[in-house]
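Colleague: Hi! Could you walk me through this structure before I start on it?
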Amino acid sequence: GRGYDDWGYSYDESESDVIMNRHTEETLKGVATLKVGAEFRPDPMMAIRMGYNYVTPMYNNDGYKDGTLMTDGSYYSSATDYTNWKATNRVTCGMGFKLGQMNLDLAYQFSSTNGDFSPFMNYVDNNTPADDNICSAVKVSQKRHQVLFTLGYTF
């Protein structure tokens, strides 16, 4: 299979990073999205819409970036930080207008995702606890407001 370049200079010499792939399978999980929405039409030419969607987290609750993997993929990486993002919540509302063959839609969307940021993975030395390197994760939040406008034409 194709994968990272194992210190060679030709893409044909690359190989799959089995260790990194195994860690990815252990850290990531399937994602599901739940969408609920409603539309009200006070007039055949106008629609008022509201919606909500929930996206489950893609990382296991205790997922982390493991810099100790014995693989070139880890050796190539220079970043030690990672964020374990949790679920995403989105709320939307908007209006749509039909003017002949033209469609005009204006919507507002608010999106919020929380996570745990770590500058590096924790290291625990079972033989010498004084050598432990523990860093508590910091709670972070990503909030996004969007106004979306769509112009359509029906043939």
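Colleague: Let's begin with charges: how many salt bridges does the count come to?

Modeller: The count comes to 5 salt bridges, where a salt bridge is a side-chain nitrogen of Lys or Arg within 4 Å of a carboxyl oxygen of Asp or Glu. Keep in mind that this is a predicted model, where local features need pLDDT of at least 70, side-chain atom pairs count only at pLDDT 80 or more, and totals for chains, interfaces and linings use all residues. Residues are numbered from 1 along each chain as its sequence is written, and side-chain values use heavy atoms, with hydrogens and water left out.

Colleague: Good to know. Which side chain meets R49 in a salt bridge at 2.8 Å, N to O?

Modeller: That is E39, at 2.8 Å from N to O. R49 lies in strand β2 (residues 46–55) and E39 in strand β1 (residues 33–43), so this pair ties together parts that are 10 residues apart in sequence. Helices (H or I, at least four residues) and strands (E, at least two) are DSSP runs, numbered from the N terminus.

Colleague: And is E39 buried, exposed or partly exposed?

Modeller: E39 is partly exposed, with a relative accessible area of 44%. The classes are buried under 20% relative accessible area, exposed over 50% and partly exposed in between, using a 1.4 Å probe and protein chains only. R49 is also partly exposed, at 29%.

Colleague: What does D105 form with R49?

Modeller: A salt bridge, with the closest N and O atoms 2.8 Å apart. D105 lies in strand β4 and R49 in strand β2, so that pair ties together parts that are 56 residues apart in sequence. D105 itself is partly exposed at 23% relative accessibility.

Colleague: Which residues do salt bridges with shared partners join into one network?

Modeller: E39, R41, R49 and D105.

Colleague: Switching to pockets: how much space lies in the second largest pocket?

Modeller: About 180 Å³. On a 1 Å grid over the protein atoms alone, a pocket is an open set of points where a 1.4 Å probe fits, with protein on both sides within 12 Å along at least five of seven lines, and lining residues have an atom within 4 Å of a point. Grid points are joined across faces, edges and corners, and the volume is the space filled by probe spheres set on the points.

Colleague: What lines it?

Modeller: The lining of the second largest pocket includes N61, D62, Y82, K86 and D116. Strands β3 (82–99) and β4 (102–118) are the elements that give two or more residues to that lining, and the largest share, 3 residues, comes from β3.

Colleague: Last one: what order do the elements run in from the N terminus?

Modeller: They run α-β-β-α-β-β-β, with 2 helices and 5 strands in the protein chain. Buried residues make up 22% of the 155 residues.
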